[in-house]
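Biologist: Hello! Could you show me the model and help me see what the words used for it rest on?

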Amino acid sequence: MLTTAIELPSRFDPLTWHIHEMLFGFVMAAIAGFLLTAIPNWTQRLPVSGGLLGLLAGLWLLGRIACLGSALVTPWLAIAADLSFPVVLVGVVAHQIISGRNWRNLPMVVPASLLGIANLLMHLEADGVVTSSGLGWRLGLSGAIVMISVVAGRIVPSFTRNWIVKRQDSDLPALHGWIDRAALSTLHAGLFGWAFFPTARVIGALILLGAALNFWRLLRWRGVATVAEPLLLILHIGYAWVVIGAGLLGVSLLDTDLPQSAAVHAFTAGAIGTMILAVMTRVTRGHTGRALSVDRATVAIYMLVNLAAIVRVAAAFGEAWTMPLLVASASLWIGAFLLFVFAYGWMLLLPKSARQLR
């Protein structure tokens with residue numbers, strides 16, 4: 001749309017449509033995949049499959065079509081079609097967790113619910129029903145980063161600890177403690193404060209404190225020890241993007257000369273993009289019975305998505321180079337996910353009996 005001036009039949013303007021689909025199309029699908037994959041491990045119940053899984057996929061696709069052509073239908077019809085996926089997803093996730101009496105993970109319903117509410121706000125803003133100046137997308141982005149910060153605190157030090165123990169090293173990641181609680185509380189308060197008060201300088205100071213504490217938290221996870229295993233190292237790099245994004249956001253609120261889009265894309269292209277590919281590659285290998293190690297294609301995936309994030313953040317600073325950098329970042333991003341499809345798609349699509357023979 002930037003290079004050809006193509007107009008979409010959507011009620012969203014081009015930038016808003018891009019923001020909406022990345023958060024409530026791409027990120028929401030990844031959250032659904034994570035939850036539906038993790039819940040059987042949490043509850044010891046069979047995974048959601050068959051018609052119900054097909055229904056969820058169909059509702060997700062319906063939402064994408066509805067947003068793309070929302071100008072062709074009544075606003076409430078487009079909203080209902082788009083919100084059907086998060087509403088049904090929350091219901092399915094809650095039912096699975098409650099049926100398995102896995103009360104510890106019931107709060108995982110909250111991020112999916114929050115993104116559904118944020119999605120509704122973006123629609124209402126686009127239709128002029130409410131005037132909240134971007135509250136919807138800020139709330140959605142904050143919810144996604146909060147979920148990453150919580151889930152990463154469970155899996156990154158745990159996976160790292162297991163790997164280090166196998167190498168018979170005694171310098172293990174620190175256990176969850178007050179530093180983690182302080183890092184999460186300040187970051188979460190800062191992010192949601194930014195969602196509602198996007199220009200408050202005091203919020204910028206709070207987010208900077210959160211960035212510093214989360215950097216300390218990351219160092220305690222012993223990421224340096226995982227350099228020899230990219231499948232683990234990439235999880236630490238993904239969380240480093242959360243720290244970078246928080247640092248840039250805090251500075252942007254204190255210094256208006258720093259473009260806030262740099263922070264936003266450190267969170268999105270950096271933290272979200274890297275973490276999604278890091279988890280998908282690891283989970284695909286684990287669930288198809290393969291060794292938890294990487295090949296050259298996987299390393300290339302990690303390099304491409306991180307280069308895409310670096311270039312996209314850089315594009316926020318150089319006006320003369322913005323368009324070439326945007327094109328380069330988009331190409332790298334698409335390359336990362338296409339390579340994932342070609343390198344990992346067959347593992348997931350082949351029957352179980354044929355996966356090990358390939």
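Biologist: What makes up the secondary structure of the protein chain, in helices and strands?

Modeller: This is a predicted model, and its protein chain comes to 12 helices and 0 strands. From the N terminus on, the elements run α-α-α-α-α-α-α-α-α-α-α-α.

Biologist: How do you know whether the protein chain agrees with a compact globule?

Modeller: We set its radius of gyration against a rule. With 358 residues, a compact globule would come near 21 Å, and the protein chain has 20 Å, so the two agree. Along its principal axes, the C-alpha trace spans about 60 × 50 × 40 Å.

Biologist: What share of the residues is buried?

Modeller: Buried residues make up 49% of the 358; the word asks for under 20% relative accessible area. As for the surface, the protein chain exposes about 17000 Å², and carbon and sulfur atoms supply 70% of that.

Biologist: Why is Ser 261 called partly exposed?

Modeller: Its relative accessible area is 28%. Buried would need under 20% and exposed over 50%, so Ser 261, at 28%, falls in between and is called partly exposed. Ser 261 sits in helix H9, residues 260-287.

Biologist: Which residues of H2 are buried, and what do they pack against?

Modeller: The buried ones are Leu 56, Leu 59, Gly 63, Arg 64, Ala 66 and Cys 67. They pack against helix H1 (14-43), helix H3 (75-99) and helix H4 (109-126).

Biologist: What makes a set of residues a nonpolar core?

Modeller: The residues must be buried, be of a listed kind such as Leu, Ile or Trp, and be joined through side-chain atoms within 4.5 Å. The largest such core here has 90 residues; among those with the most contacts inside it are Leu 141, Trp 194, Tyr 239 and Phe 267. Helix H5 (residues 135-166) gives the most to this core, with 14 residues. In soluble globular proteins, nonpolar side chains tend to be buried together.

Biologist: Which residues does Tyr 239 touch, leaving out those up to four places away in sequence?

Modeller: Its partners include Ile 148, Leu 184, Asn 214, Arg 217, Trp 221 and Met 275. For a touch to count as a contact, heavy atoms must be within 4.5 Å.

Conventions: Residues are numbered from 1 along each chain as its sequence is written. This is a predicted model: local features need pLDDT of at least 70, side-chain atom pairs count only at pLDDT 80 or more; totals for chains, interfaces and linings use all residues. Side-chain values use heavy atoms; hydrogens and water are left out. Buried means under 20% relative accessible area, exposed over 50%, partly exposed in between (1.4 Å probe, protein chains only). Helices (H or I, at least four residues) and strands (E, at least two) are DSSP runs, numbered from the N terminus. The radius of gyration is taken over C-alpha atoms; the globule rule is 2.2 Å times the number of residues to the power 0.38. Accessible areas come from the Shrake-Rupley method with a 1.4 Å probe; for residues, only the protein chains shown count as cover.
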